[in-house]
Amino acid sequence: MNRSTTIMTVASVAVSGILAYAVYFDYKRRTDANFRKQLRKEKKRVKQSQTPSESGQTATGGVDANDLRSALESVRSEEVPLGPEEKEQYFMKQVGIGEQLCAQGPVYQLPAAMCFYRALRVYPSPVELIVIYEKTVPPPVFQLVMELTNLDVKDRVEGYYTFFPPKAMNVAVETVNVPDGKGGTMSKKVLVVTKDFNAGEVIYREDPIVAVLDADLQGKGTHCSYCLRQIQNDPIRPESDRLHSVYCSSDCQTQHKAHSQTLLFTLESPLPAAMAPEMGGMTRENRENAQKAFVEYLIQTKKAAPELVARFVARQVSAETARMLPREMLPGVVPEPVLTDGGEYSLYDHLERLRYLEVIPADNETRVLKDVLQTALPGLEQFLTEERHATFIGKMSYNSYGVYFGEGREDKPETAARPENAEKTRTPCGTSKQIGTGFYAVSSYISHNCAPSAKPVFPTGTAQLQLLATCALKKGDEITVAYVDVSQHSGETVEEARRRRRMELVRGWRFACSCKRCAEEGLEGETEEGGDESRVEDVVTRAEGS
């Protein structure tokens, strides 16, 4: 892995710096004169510590690869401070020790590099710090820092699927070659079972990272805005909520506020009081106007993807805030779901690796969401570039599942959008039957098949997805589900049913189905062409070498 690849991968990992700590650190760096002064002082001291001979060195001092690996493991085993102020002090201390060690000669180059690497681990903008290091740290020490970073990034990228998904879910992600619809093959990640299952058995249960109600149900009082459960009694209605959300319980209200609702649709601070910035009258008014514009946009478009993206970004802030604060500061908030069996991975790590469709959001969609983020936590909006927002929308559009109960509902209003522009979700009874949409990290890896081996169901009456085996599965078998209604409707011929489901797949996911059932039901001698337009991010392709 070369230096440019490392920096691109580090930059991608750093997107999880949307975190509350990143906002705090970045804000303080920009506004606290003493903090900026101290940072400049440390840079100057490091630069002055370079000797002429060190400036001309390019080798790493002959550090053995095993010593480098041991150094990385040693740093990894150390506890990292949790609070923002503690991280700030830790950062400054490690930089200070590193510069002192640099002045003591070549024998201390590796210990110095370890100090600078420790500082890099807690800095919210790693790429920025690498650039600073390159200009100020003695070349041999900088080279060691980059080698430590190389090793860490390599382990992080290559080791992801060792930890994900959790083994208790009885599934694993594998890479296979599948038809690309153009006569060739393409590499694709799929989900396989790691033990045998009989038809009718539950393979796993998965809660959504984010879920939203269909637009026509939002605020009506019939379904919980958090868990999507149908409400039997009087719903809980918050006094102040821009989206007019309702809840089936106080617990759902607490979780929803903590995960995303507070940041996106209220005027309360999304951070605990100790970290919350002061909000003046003008700031409050700006935040209120931004939320109004975003809600109006959601009502106008009646699409789930923009809200899912907003809630995903907000939940990243929530997750990282929870990681850095003691549990007692977050009363009633359930810990974040465990999505790996180890490793330090953020919500963004899970989203980053998924396939997506290239889409172009509406002209003002990115802007209205950036305004909401900026007025809630100044600085947060800089992470949502137009390109990244488009990618997020494409990932939600490609990977989300429709939440439905029983056989689905019959009262969903017909969309006014053209068929090719209508939003679709992975719903085996059809998008028109769903009551809401959920994004699930593990289930996103399941491919479509018109004769599926499994089915997503929601027997708890909430957005919790249970994956049910529809046939006997042996260890190592691929799991497939139907993205669309693959049944033959009354009055339809086999050919008509085939044409309908294939057209829905092309419109919703932009691929021509090449499953065995489609091949068997096609007309004799019929040839169909059509590629798969889904893709993975370039940084993932380069890092994984796929």
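A nonpolar core is a set of buried Ala, Val, Leu, Ile, Met, Phe, Trp, Tyr and Cys residues joined through side-chain atoms within 4.5 Å; buried means under 20% relative accessible area, exposed over 50% and partly exposed in between, with a 1.4 Å probe and protein chains only. The model is predicted, so that local features need pLDDT of at least 70 and side-chain atom pairs pLDDT 80 or more, while totals for chains, interfaces and linings use all residues. Residues are numbered from 1 along each chain as its sequence is written, and side-chain values use heavy atoms, without hydrogens and water.

**Exercise 1.** Describe the largest nonpolar core and the contacts of Leu467.

*Solution.* Step 1: the largest nonpolar core has 89 residues, and Leu467 is among those with the most contacts inside it, together with Leu191, Ile203, Tyr204, Leu263 and Ile479. Step 2: helix α13 (residues 305-324) supplies the largest share of this core, nine residues; helices (H or I, at least four residues) and strands (E, at least two) are DSSP runs, numbered from the N terminus. Step 3: leaving aside neighbours within four places in sequence, Leu467 is in contact (heavy atoms within 4.5 Å) with residues including Ile203, Tyr204, Ile446 and Ile479. Step 4: a second, separate core has 33 residues, Leu101 and Cys102 among them.

**Exercise 2.** Determine how helix α5 is oriented to helix α9 and which residues join them.

*Solution.* Step 1: α5 (residues 65-77) and α9 (residues 139-158) pack at about 70°, their axes 10 Å apart. Axes are lines fitted to C-alpha atoms, for helices over the stretch in contact, and angles run from 0 to 180 degrees between N-to-C directions. Step 2: α5 and α9 are therefore roughly perpendicular, a class that covers 65 to 115 degrees, with under 35 roughly parallel, over 145 roughly antiparallel and the rest oblique. Step 3: Leu68, Arg69, Ala71, Leu72 and Arg76 in α5 meet residues of α9 that include Leu144, Glu147 and Asp155.

**Exercise 3.** Is Thr375 buried or exposed, and what surrounds this residue?

*Solution.* Step 1: Thr375 belongs to helix α15 (residues 365-376). Step 2: Thr375 counts as buried because its relative accessibility is 10%. Step 3: its side chain reaches the backbone oxygen of Asp371 at 2.8 Å. Step 4: beyond residues up to four places away in sequence, Thr375 touches Thr283, Asn286, Arg287 and Ala290.

Key. A polar contact is a pair of N or O atoms within 3.5 Å; within protein, one must be able to donate a hydrogen and the other to accept it, and residues adjacent in sequence count only if both atoms are side-chain atoms.
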